[in-house]
Structures are given as structure tokens and as C-alpha cells.
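Open the model in your viewer and keep the selection panel at hand.

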Amino acid sequence: MEKNEKLMSVIFSSFDEKINYSVVCKNTDNIHKIEDELYKEYPSLFENQNIIYLYKGKIINRYQTFESNHIKNGDTIILNFK
């Protein structure tokens, strides 16, 4: 790990509660990097290209780091579908 990188756990959950997935990542990772893991665990997600990621009611830029999106260890990201 590089300087200023920290391991953290982030929980991905859907409104309908069909998805509830915890992933270990770094604060410097982004959702785009984690999406492949989500698709492997929940293949039906791959079919839906209109996923919106929410944190505390705000839309998350999936290309920005968790740290840039103010997401911390143990936080939950909600998946919403258009």
C-alpha cells in the first residue's frame, strides 16, 4: 500500500434489499474499479446499465475515489436503478 492509503469496508445495498454486498477496498479506489466484483456476485446488475450510486442521498461520481466522495469505512452505498 502507498502512503495515505487505508483499507476499508464499503457496503453496497439496493433499495429492494436484494443486493447486500460488502467489499474490502482502499480509500483511493473508486466504484468503477469495484463494479466487476459486484457484477460477479450479482450478474443481473450487468444487464442494467442505468445504475445510480447514492451516498447520504447524493449521487456519487463512480470515477472519483471513495475519499473524494467522503465515503468512510463501514459506510453504505445505495444502488438505485433508472
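**Stop 1: a pair across the chain**

Select arginine 62 and glutamate 35: they form a salt bridge, with the closest N and O atoms 3.3 Å apart. A salt bridge here is a side-chain nitrogen of Lys or Arg within 4 Å of a carboxyl oxygen of Asp or Glu. Arginine 62 sits in the loop between β4 (58-59) and β5, and glutamate 35 in helix α1, so the pair ties together parts that are 27 residues apart in sequence. Helices (H or I, at least four residues) and strands (E, at least two) are DSSP runs, numbered from the N terminus.

Now colour by accessibility. Glutamate 35 is buried, at 4% relative accessible area. Arginine 62 is partly exposed, at 26%. Buried means under 20% relative accessible area, exposed over 50%, and partly exposed in between (1.4 Å probe, protein chains only).

This is a predicted model: local features need pLDDT of at least 70, side-chain atom pairs count only at pLDDT 80 or more, and totals for chains, interfaces and linings use all residues. Residues are numbered from 1 along each chain as its sequence is written, and side-chain values use heavy atoms, leaving out hydrogens and water.

**Stop 2: the other salt bridges**

The count comes to 3 salt bridges by this rule. Select glutamate 5 and lysine 26 next; their closest N and O atoms are 3.7 Å apart in a salt bridge. The two are 21 residues apart: glutamate 5 lies in the segment before β1, lysine 26 in strand β2. Glutamate 5 is buried at 16% relative accessibility, while lysine 26 is partly exposed at 23%.

Move to aspartate 29 and lysine 33. Their side chains meet in a salt bridge, 3.1 Å from N to O. Aspartate 29 is buried, with a relative accessible area of 8%.

**Stop 3: the core**

Which residues touch the most other members of the largest nonpolar core? Select Val10, Phe12, Leu45, Tyr53, Phe66, Ile71 and Ile77, out of 21 residues in that core. A nonpolar core is a set of buried Ala, Val, Leu, Ile, Met, Phe, Trp, Tyr and Cys residues joined through side-chain atoms within 4.5 Å. Two or more residues each come from β1 (7-14), β2 (20-26), α1 (31-41), β3 (51-55) and β5 (76-81). Helix α1 gives the largest share, 4 residues.

Centre on phenylalanine 66. Leaving aside residues up to four places away in sequence, its contacts (heavy atoms within 4.5 Å) include Met8, Val10, Cys25, Ile31, Ile34, Ile71 and Ile77. Lysine 26 and aspartate 29 are also among the residues that phenylalanine 66 touches.
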